[in-house]
Amino acid sequence: MTYLRMGIKYKLKKLCQLTVLTILFIVPLIYPLKVTDSLYARLSSQFQHTPSLFQFWQDNIEPLVFFGFSPLVLKECVANELIIILFVFFIFYSAFSSGTKQRKWKFLRRHFLLLIFVAYAGLSLLYTPTFYYSFRSWFNLVCFALFFLMVLELADSPLFLRKALFLLLVVAAIQSVIAILQHLNLTHSFMLKFDDPRNRMGAFIGHNTGLSMFLIPSFFISLVMFLFQRRKLAKTLLLIFITMQIFVILVAQSRGSWVALLITIPLFLFYLRKYTGFTLSRTHLALGCMVVMLVVLSQLIPNPLKSPEVSFRQRLGHFSLKRLKAETRLRVLVCSVPLINQHPLLGSGIGSFQYVYPRVQGEYFVRHPDSILTPTAKRTQRAHNEYLQTVIELGLIGLLLILVAFYRYLKQGWSTFLELKSSYLRAIMIALFFSITAILIQSFFDFPFHIAPLGLYFIFLVALWAGDKRLYGLTEHNVSAEPELLHPAPARKLIFIGIAIAVLIISPYIASFNIIHYSADIMNQRTSSFTKTFYSYPRASLKVQLNWLNEARIAINRALRLEPLSGISLFKAAEVFYLLGSVYGDLALEPAPADDKNATRNQLFYRSRAKLYYNKALFYADLSLKELRIHSNYYLKGLIYRDMGLLAEKAGNTNESQQYYQMAKKNFMTSVIYTPAYAPASHELAELLLKEPYPNRVLIRRLRRNIAKYDPDYFNQNYVSKLCRAEINGEYEKGIQIAKSLVQIAPDRADLRRALFHAYLYLGDLNGAESQLEIIRKLDPDYAEVYALYYVYRHDWLEAKKWLDKVLVNKGKKNLDVFEAIEPYLLERLGKHKEAKRKLNDLLKKSHQHPAYLRLLGELAFSAFDEKEQGVVYIEEFLNRVPSASPMLLYLIANYYAEKGKLQKALDSIKRYKPITGTNRKLRSLEQSLKNKLTQ
């Protein structure tokens with residue numbers, strides 16, 4: 001029986017060790033399968049006949065072939081599930097192990113602080129504000145702590161160490177190859193393509209930080225193997241591998257990883273020499289310098305390996321003081337001080353950072369509106385500093401517990417290190433130590449422990465460092481050659497087996513808990529894809545829009561069935577029902593056709609459907625706020641209340657509409673307070689405030705300044721575009737009013753000053769134009785262009801020519817078409833007729849390929865040089881070539897014919913060149929005037 005028990009125990013132990021290595025291989029490399037549409041259809045059809053099987057397919061199998069997002073959630077769920085399976089095997093192995101009570105208490109003493117930390121984190125569930133999110137965070141912590149403890153007990157032989165190190169290198173090699181292929185855009189057929197260039201090389205991890213830090217341990221280990229290796233072939237292969245890792249770490253552009261390596265590499269080499277006696281030769285130093293120089297040069301000189309978007313020089317520039325002041329890490333650190341002060345000892349609960357942080361960030365920017373820190377329009381889900389996040393969530397007690405526990409494990413590994421006689425094994429332990437150190441340094445700048453593959457590898461490295469001495473070939477006193485675990489008597493064996501069977505029975509439910517989270521995340525992503533499509537095609541037919549939103553509703557209903565407490569799922573449900581309500585709300589707000597007998601009934605139906613969906617959206621948004629308190633959630637609630645106010649206003653319910661508008665403003669304001677950088681909330685709040693009888697102009701101006709400061713693209717799209725349209729349509733009076741208001745918001749923007757200057761010029765208001773000259777000169781490096789135009793409109797031809805010559809020096813470097821068009825007119829005024837004619841002929845030749853020259857010649861003839869007759873010729877020729885006429889051009893030629901008394905020709909020109917791109921008040925007024933005169 002003893003031999004049988006020993007045989008079973010040996011096989012169970014091997015099974016456990018194999019499972020550990022399997023976890024380390026699968027978790028970093030698992031990726032959603034990209035199957036063909038035909039194969040997907042065949043797989044799906046196999047389950048559709050039976051409802052229960054079809055639901056199993058949807059919830060458990062289909063997500064594994066859903067190829068549409070970064071697989072971080074998949075890796076986390078798979079890691080937890082495999083750890084649970086390992087735990088089952090480990091319990092069976094423990095049942096067949098024997099030991100003394102002394103060893104049992106030694107086990108407890110050794111891991112006492114870690115167990116206390118896990119229990120302490122679990123107790124924080126009693127007061128955390130986000131129970132579901134916090135429970136998932138605690139569940140992940142429990143799984144990873146179990147993995148650490150089991151590896152410590154299972155890793156007890158040099159053979160296991162060799163296998164583990166070999167596996168680390170193999171996985172890192174695969175990651176490096178895939179990362180390089182991604183960098184070269186050769187992975188589209190089987191991997192995702194990231195829009196963010198720095199995340200493009202996320203390999204299977206989907207994040208540049210995760211990839212870089214993942215390669216650092218293998219870099220140190222392979223460097224040790226290279227230095228101690230004697231066989232030339234192996235040395236060459238290791239050199240290629242090291243070069244490949246350095247290239248990936250550099251091109252992935254994780255600044256925290258660069259800092260970690262710059263700190264740890266010199267210390268690594270120092271301790272390598274001190275404790276192994278190994279000294280780098282000149283050959284090694286020259287080879288290392290050459291490898292680094294080649295990798296750096298690959299990012300400095302043009303070649304296929306150079307990063308096309310963010311260059312190495314640009315990324316180095318991100319270390320500047322100005323850039324560092326705008327960093328997320330500094331903002332989170334400064335804004336989080338009140339959170340530490342509120343709960344310094346216990347914290348706010350595990351996993352609660354994403355919930356408690358937005359409010360204190362808002363309070364900080366309310367108190368410091370002119371802070372050098374830059375808020376973000378994105379959700380701040382993590383602190384980008386593991387130590388800071390631990391203090392916020394678990395307090396100083398939690399941080400102290402985990403740091404002391406970690407120190408004890410490091411101390412235990414150090415005692416093993418000092419006993420080693422082998423220089424090679426000492427070098428391996430030094431590599432492990434500095435791999436751990438690099439990740440700990442990186443933890444000041446990022447969140448490596450929240451990336452499942454990296455967190456898993458970190459605790460595995462710590463387990464190897466602090467593992468059993470027999471892992472490095474040493475023998476403990478009073479310990480047999482075969483490791484024993486706990487002290488089970490025959491009755492206790494039955495207890496262990498019973499526990500194992502119980503865990504085995506509930507493991508499917510635990511697996512379901514993991515896969516449900518992943519499946520719900522898939523459905524959330526699918527919902528987002530349909531809503532993004534809806535936003536991208538606002539002019540699609542009603543039927544198509546409703547089809548997209550119904551598909552989104554089906555997906556989010558599945559997500560809510562799987563995870564009814566998930567804040568993300570609830571928020572997306574609120575968004576879907578809001579969009580459904582907005583579709584019916586727009587129909588209800590449309591004026592009813594006079595000949596439609598059912599118009600009133602249809603309007604009532606649309607209004608009732610819109611209110612129904614809006615109320616559902618509010619219900620889900622309020623539920624979501626219990627787990628997900630972010631600015632976009634309050635913004636969504638503001639949109640819902642705003643649209644409900646519009647419906648009530650349309651129905652004539654003034655009091656009700658005002659109540660809704662007040663609620664909308666309240667939620668928009670909360671969103672703005674949480675993060676001033678979120679432009680949509682500032683814009684919507686400003687628009688609502690403008691509707692008030694006595695609008696708060698100061699607040700409106702501040703909101704618009706936030707938009708201009710933090711989101712220039714949004715500001716251009718929603719504000720500057722109105723100015724551009726006014727100029728294109730020739731509505732210069734309107735353009736001046738818009739430009740004046742925009743200049744108050746963004747006084748340092750040269751383009752707005754120039755637009756105001758141009759509008760004054762075209763209206764002939766030279767005094768107004770002069771008021772902008774000196775301001776533009778201070779703001780705009782191309783101020784010579786402004787002065788050239790100014791003196792042209794003042795008819796000071798000599799001064800205009802002087803400035804024009806300065807402008808045309810840059811001809812060819814940028815678009816100077818308008819100044820090329822000015823030149824022949826100016827030469828004509830200066831009496832240089834031959835040169836003027838030659839320049840004009842050149843422009844007319846160019847106009848065959850670029851008709852815009854005709855437009856410029858025509859506009860200048862009217863506005864600056866008083867050659868309207870010739871200007872009409874140019875404009876009509878331009879309109880014959882370019883059918884999308886500008887209303888301003890039509891007004892110029894029609895008004896010219898009207899002034900000449902050719903009323904019918906003026907009206908015919910308007911009809912002939914009917915504007916496609918827009919219209920304006922002056923043109924409509926002229927057209928109506930011409931019709932009235934012709935009918936009299």
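**Reading helices, salt bridges and a charged patch**

Biologist: Which residues of helix 21 are buried?

Modeller: In this predicted model, the buried residues of helix 21 are Gln545, Leu546, Trp548, Leu549, Ala552, Ala555, Ile556, Arg558, Ala559, Leu560 and Leu562.

Biologist: How many salt bridges does a search of the whole structure find, and which parts does the pair of Arg704 and Glu687 tie together?

Modeller: A pair counts as a salt bridge when a side-chain nitrogen of Lys or Arg is within 4 Å of a carboxyl oxygen of Asp or Glu, and the search finds 20 of them. In one of these, the closest N and O atoms of Arg704 and Glu687 are 3.6 Å apart. Arg704 belongs to helix 27 (residues 697-710) and Glu687 to helix 26 (residues 679-690), so this pair ties together parts that are 17 residues apart in sequence. Arg704 is buried, at a relative accessible area of 15%, whereas Glu687 is partly exposed at 27%.

Biologist: What is the N to O distance in the salt bridge of Lys868 and Glu899, and is Glu899 buried or exposed?

Modeller: The side chains of Lys868 and Glu899 meet at 4.0 Å, N to O. Since Lys868 lies in helix 37 (residues 868-881) and Glu899 in helix 38 (residues 887-899), the pair ties together parts 31 residues apart in sequence. Lys868 counts as partly exposed, with 29% relative accessibility, while Glu899 is exposed, with a relative accessible area of 53%.

Biologist: Which residues form the positive surface patch, and where is Arg924 found?

Modeller: A patch takes residues with over 30% relative accessible area and no salt bridge, and here the positive one is formed by Lys722, Arg725, Lys734, Arg921 and Arg924. The elements that give two or more residues to this patch are helix 28 (712-728) and helix 40 (921-935). Arg924 is found in helix 40 and is partly exposed, with a relative accessible area of 46%.

Key
Residues numbered from 1 in each chain as written. Predicted model: local features only at pLDDT ≥ 70, side-chain atom pairs only at ≥ 80, totals over all residues. Heavy atoms only, no water. Patch = residues over 30% accessible without salt bridge, like charges linked within 9 Å, V, L, I, M, F, W, Y side chains within 5 Å. Areas by Shrake-Rupley, 256 points an atom, 1.4 Å probe, with all protein chains shown as cover. Lys, Arg positive; Asp, Glu negative; His and termini not counted. Charge placed at Lys NZ, Arg CZ, Asp CG, Glu CD. Helix = DSSP H or I, 4+ residues; strand = E, 2+ residues; numbered from the N terminus. Buried < 20%, exposed > 50% of the residue type's maximum accessible area, 1.4 Å probe, protein only.
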